Amino acid sequence: MTKEEIFSKLKEILVSVFELEESQIVPEATIGDDLELDSIDAIDLVVKMKEYTPEGKPNIDASLFKNVKTVQDVVDAIASVWA
């Protein structure tokens with residue numbers, strides 16, 4: 001899965017599950033300040049993204065998100081596991 005595909009799935013989840021406006025979800029948006037997601041939301045996001053784990057690739061782990069700040073950080077972290 002490419003970074004573009006990961007971003008697309010991430011955006012889809014953020015809009016449908018967290019009821020965010022699509023226009024808010026840009027690579028430089030901060031998870032906490034701009035999108036107002038907390039640590040519980042981050043865990044929910046990880047659970048939802050696990051549903052899209054490509055066959056043969058490892059599942060993403062919540063610990064991967066300890067240091068993410070922006071949407072792009074999330075995409076990069078997921079891409080590093082699924083590379």
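Here are a few notes on this predicted model, point by point.

1. Ground rules. Residue numbers start from 1 along each chain as its sequence is written, and side-chain values use heavy atoms, with hydrogens and water left out. Since the model is predicted, local features need pLDDT of at least 70 and side-chain atom pairs count only at pLDDT 80 or more, while totals for chains, interfaces and linings use all residues.

2. Overall fold. The protein chain has 3 helices and 0 strands (DSSP runs numbered from the N terminus: H or I of at least four residues for helices, E of at least two for strands). Read from the N terminus, that gives α-α-α. The C-alpha trace spans about 35 × 20 × 20 Å along its principal axes.

3. Of the 83 residues, 35% count as buried (buried is under 20% relative accessible area, exposed over 50%, partly exposed in between, with a 1.4 Å probe and protein chains only).

4. Have a look at helix H3. H3 covers residues 71-82 and reaches 17 Å from first C-alpha to last, close to the 16 Å expected (1.5 Å times one less than its number of residues). Its buried residues are Val 71, Val 74, Val 75, Ala 77, Ile 78, Ala 79 and Trp 82. They pack against helix H1 (3-16) and helix H2 (39-50).

5. Now find Glu 4. This residue lies in helix H1 and is exposed, at a relative accessible area of 61%.

Methods:
Contact = heavy atoms within 4.5 Å.
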